[in-house]
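Please read the following briefing alongside the sequence and the coordinates. It covers the interface, the symmetry, the salt bridges and a few local features.

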Number of protein chains: 2
Amino acid sequence: MTESSKFFKPFPQSHRIYVPGKLFPDIRVSMREVEISDPLTPKLGIYDTSGPYGDPQKKIDVNQGIEKIRKPWIDARKKNGEPLTQMQYAKKGIITPEMEYVAIRENQKMDVLLGENGSSITPEFVRSEVAAGRAVIPCNPNHPECEPMIIGRNFLTKINSNIGNSAVASSIEEEVEKMVWSVHWGADTVMDLSTGKNIHETREWILRNSPVPIGTVPMYQALEKVNGIADHLTWEVFRDTLIEQAEQGVDYFTIHAGLLLSYVPLALKRTTGIVSRGGSIIARWCMVHNQENFLYTHFDEICDILAKYDVCVSLGDGLRPGSTADANDEAQFSELDTLGELTKVAWAKGVQVLIEGPGHVPMHKIRENMERQEQMCHNAPFYTLGPLTTDVAPGYDHITSAIGAAMIGWFGTAMLCYVTPKEHLGLPDRDDVREGVVTYKLAAHAADLAKGHPAAHFRDDALSRARFDFRWNDQFALSLDPDRAVDFHDETLPGNGAKESHFCSMCGPKFCSMRISKDILQFVKTGKLDMEK
Amino acid sequence: MTESSKFFKPFPQSHRIYVPGKLFPDIRVSMREVEISDPLTPKLGIYDTSGPYGDPQKKIDVNQGIEKIRKPWIDARKKNGEPLTQMQYAKKGIITPEMEYVAIRENQKMDVLLGENGSSITPEFVRSEVAAGRAVIPCNPNHPECEPMIIGRNFLTKINSNIGNSAVASSIEEEVEKMVWSVHWGADTVMDLSTGKNIHETREWILRNSPVPIGTVPMYQALEKVNGIADHLTWEVFRDTLIEQAEQGVDYFTIHAGLLLSYVPLALKRTTGIVSRGGSIIARWCMVHNQENFLYTHFDEICDILAKYDVCVSLGDGLRPGSTADANDEAQFSELDTLGELTKVAWAKGVQVLIEGPGHVPMHKIRENMERQEQMCHNAPFYTLGPLTTDVAPGYDHITSAIGAAMIGWFGTAMLCYVTPKEHLGLPDRDDVREGVVTYKLAAHAADLAKGHPAAHFRDDALSRARFDFRWNDQFALSLDPDRAVDFHDETLPGNGAKESHFCSMCGPKFCSMRISKDILQFVKTGKLDMEK
């Protein structure tokens, strides 16, 4: 048993709250409330992905796994016969506890301010979005530790963090710690992309300790099972891997079923060929055997498995562009069209669907990606990697991609897969994960402001008011990364006294524009002013 | 006398080249050429802002100042009577050496590839853009050390780095080193925003050693002259400061002449009031004296001084929004309209004009800023700070602002003022300057790709080809920050052997998609494949 503080330093001036359900009174949605010294600022319930790790009252034992909060709902459904997927319940008009949970979560306690006029999110709205396929709630019943969350264009923009060892580096413990570290900073889902040894065991540890949905690319484990020789892959090996991982509780699978044999030659003409690991493995298999992609030819059977476990399918873009030169080309868009075809197959079986997107795309070609995805894939949620808007900045690709991510999020992408500063260069360490997650949180938040999510602006406004009032500690506590904000401030003006100051080291007292603004305000009100300033 | 390597480590696999003029044979435009091991990649002349510091052949003596490369051209003009501003020459149809210099510089040696069909930039095109006011070449004859550069929407997007001590921190030596450090990483201009003691002397050192245009906010020194008491400011003190700084060689002045008395109440209603230092000083002066802004009432005389020294005016946005809540409000746009009126006054006197822009603006309100600026300010070049697309990420505001900067650059903004990670928190140090400059270089480059600058994509394509060929050292050398790319790569796979590897630590050899792509290509060509992979 260890304190949650083993994993990270808790956020300052904050405490955990639990908001109860109305339809389902046993629902307790975890949020973080910041203690702001200004009584006029509305008390936002900050969206909190850290699960029990964010509650100092909870003891964590990674050997036991975290609390199985969804178990009562899952058990109740089993008693009523064969359980359905969230999409099937939604289509029948049934609101599940998961649906009410995500509605409460999205509103961030701003329901009262947002009012009943339809701008706050209701459980019924969640149901209708899931029924229409415009949103997914990834929650395998075999992952009862997972706190429900929703991915869809009419909700908060979500972010995914990738972890996973490779043959070259890292251990199981490190990967579990990276998962916990990711959700502390705000990762909404985590993909375990392990490719080395102990792939099953690593995943088990991550699942039993994860409060967020876990995604995988089952092809990686299938390849390990045939000793890394892509040409030896078979449908049977892949199918068994799917079942094994679904039984463990994986919430969504990336499956590259849209990469057809006939598209491979289109990709070989490119500047950077195929840059998706799963895509390149399947492309090699297709070419060597001169056969159609077995993920495509067996897609019906795949969907039967996914429906049984309510695992979402994330239709992978094996032909995503790996350079701005290859963006929006025939290879990429041909595959996207096929993903649209597969979406309908999956929906007919009640399987929830995400569509994966690029990659490297210069800014002027981003909107076309979103529009084409919506049109060809029938408004299934889009889940993109970046996109990176230039190729010239290795070491800064969290930023080249945050530009594209914020834009495509604004245009309607539902989840952004993070990119760390190590992209193209090496495996991310703890610092890179923090940098990547926070960068993507800010990109997602910028997208939410721009697309007009009703609860998005309250946090910006609270922080701006704190800034103007020189409430430094409130400003830090409302930041996405309070630790860094404090550290940076204290580099030039350390000590508690400086946090009461009506200026900072950037301009000094005489040139502080906010201080002068306050003086003018006082002059207007009272006719008096301080001549010393 | 010191080696230029005193200031920074030179870029790898690179050498300095000088491209001669055709109209003016004594022109030698400095560029950096990267030695790429692939003979098919076109040899790009990378735009180089580092002046003599980037040439290991040059000895630098900061006490003497750097070479005065423009002196012969300036002397020749003086012999022909009263010299004109670049805009006045342009309007008379005269191409100056500065104009040919910037044309060569913009093409980055890609003229041959771009062809004669008008896609490469000609001296005549430069002249016509300067004549129309759509571009400026900031080059005070008293700053002959400055290598000419151009700021305008139809050219490469430029970036500015701010340096300057405040009352709280830093010394003259540090500021000169920050300037050199900035131009090493690619700052196109540098603003000296010093507000502490020795303000004249600091600026003298910076000017005599700067190969890029230097901007200032003369109000800061004027305020020091009246002991920091804004209410004691007078037109005479300000005028004398302008002349003093113009005599020293400052290339552009930020002047907050558009902030009218009647706009101040609009700003006081805001969430964050006035956040421009110069703006708040002027606003206080106007309110306390109940008089119109003396920069506005004396703008004619200001322009006479600027025209005499060919100093550009950068019309400051004293009412830029300091929070997303205040974006695009009446205060901001009222001032912008007045800047448009002042643009015509300046142009009539031959003064080159830049217009400064925000600030904090959520993504969906960015385009309106650009369109309104173009319309109201008659296509004078726009020069923006960010904009920051959310307020919630202090410590990461180089990124919140890079998102907005890349977007507004694409829409037509000519120069982006960098923001460092320390924004809102403290004074940037050396690491922050590097982080800020490189972040803004990548944002500017993303903008150039999106707006279709003809020479922009060559570097991306060269780097992408190097990446696909596993030419690691070429990839590093073509990066915006080769040192960081190498460091990050070497954290997991150090040693020279790893730089010959056909994989990296991200995926390991078996899962390397690029390696598999190459295998498939070989299989298609030869029918053979390596079953071990």
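**Interface, symmetry and local features**

In this predicted model, 111 residues of chain B are in contact (heavy atoms within 4.5 Å) with 111 residues of chain A. The two chains superpose by a rotation of 180° with 0.0 Å of shift along the axis. Residues are numbered from 1 along each chain as its sequence is written, and chains are lettered from A and ligands numbered from 1 in the order in which they are written. Local features need pLDDT of at least 70, side-chain atom pairs count only at pLDDT 80 or more, and totals for chains, interfaces and linings use all residues, while side-chain values use heavy atoms, with hydrogens and water left out.

**Interface between chain B and chain A**

- The buried area (the accessible area, with a 1.4 Å probe, that two parts lose on being put together, summed over both) is about 9,400 Å², and carbon and sulfur atoms give 69% of this area.
- The interface of chain B and chain A holds 4 salt bridges (a side-chain nitrogen of Lys or Arg within 4 Å of a carboxyl oxygen of Asp or Glu).
- One salt bridge pairs the side chains of Lys422(A) and Glu491(B), at 2.7 Å from N to O.
- Between chain B and chain A, 18 residue pairs, both at pLDDT 80 or more, are in polar contact. A polar contact is a pair of N or O atoms within 3.5 Å; within protein, one must be able to donate a hydrogen and the other to accept it, and residues adjacent in sequence count only if both atoms are side-chain atoms.
- Helix α17 (residues 430-451) of chain B supplies 11 residues, the largest share of the side of chain B that touches chain A. Helices (H or I, at least four residues) and strands (E, at least two) are DSSP runs, numbered from the N terminus.
- That side of chain B consists of 57 nonpolar, 31 polar and 23 charged residues. Here Ala, Val, Leu, Ile, Met, Phe, Trp, Tyr, Cys and Pro count as nonpolar, Asp, Glu, Lys and Arg as charged, and the others, Gly among them, as polar.

- Ile403(B) has the C-alpha nearest the axis in chain B, 2.3 Å from it.
- Both copies use the same surface, as 100% of the contact residues of chain B recur in chain A.

**Salt bridges**

- Over all chains, the whole structure contains 74 salt bridges.
- Asp481(A) and Arg434(A) form one of them, with the closest N and O atoms 2.9 Å apart.
- Asp481(A) is in the loop between α19 (472-478) and α20 (482-492) of chain A and Arg434(A) is in helix α17 (residues 430-451) of chain A, so the pair ties together parts 47 residues apart in sequence.
- Asp481(A) is buried at a relative accessible area of 0%, and Arg434(A) also counts as buried, at 16%. Buried means under 20% relative accessible area, exposed over 50%, and partly exposed in between (1.4 Å probe, protein chains only).
- Arg284(B) and Asp519(A) meet through their side chains at 3.7 Å, N to O. This pair crosses between chains, from helix α11 (residues 277-289) of chain B to helix α21 (residues 513-526) of chain A.
- Arg284(B) is buried at 4%, and Asp519(A) is buried at 11%.
- Lys58(B) bridges to Glu67(B), the closest N and O atoms being 3.0 Å apart. Lys58(B) is partly exposed at 22%, and Glu67(B) is partly exposed at 47%.
- Asp38(A), Asp469(A), Arg471(A), Asp474(A) and Lys518(A) are joined into one network by salt bridges that share partners.

**Helix α13 of chain A**

- Phe299(A), Ile302(A), Cys303(A), Ile305(A), Leu306(A), Ala307(A) and Tyr309(A) are buried in helix α13 (residues 299-309).
- Their cover includes α9 (235-248), β11 (252-255), α12 (294-297), β12 (312-315) and α14 (330-348) of chain A.
- Asp310(A) follows α13(A) and has a positive phi, near 45°.

**Two sites in chain B**

- Leu261(B) sits in the loop between β11 (252-255) and α10 (264-268) of chain B. Beyond its neighbours within four places in sequence, Leu261(B) contacts Cys286(B), Met287(B), Asn290(B), Gln291(B) and Glu292(B).
- Ser128(B) belongs to helix α5 (residues 123-131) of chain B and is partly exposed at 23%.

Terms used: Copies are superposed by least squares on the C-alpha atoms of residues with pLDDT of at least 70 in both.
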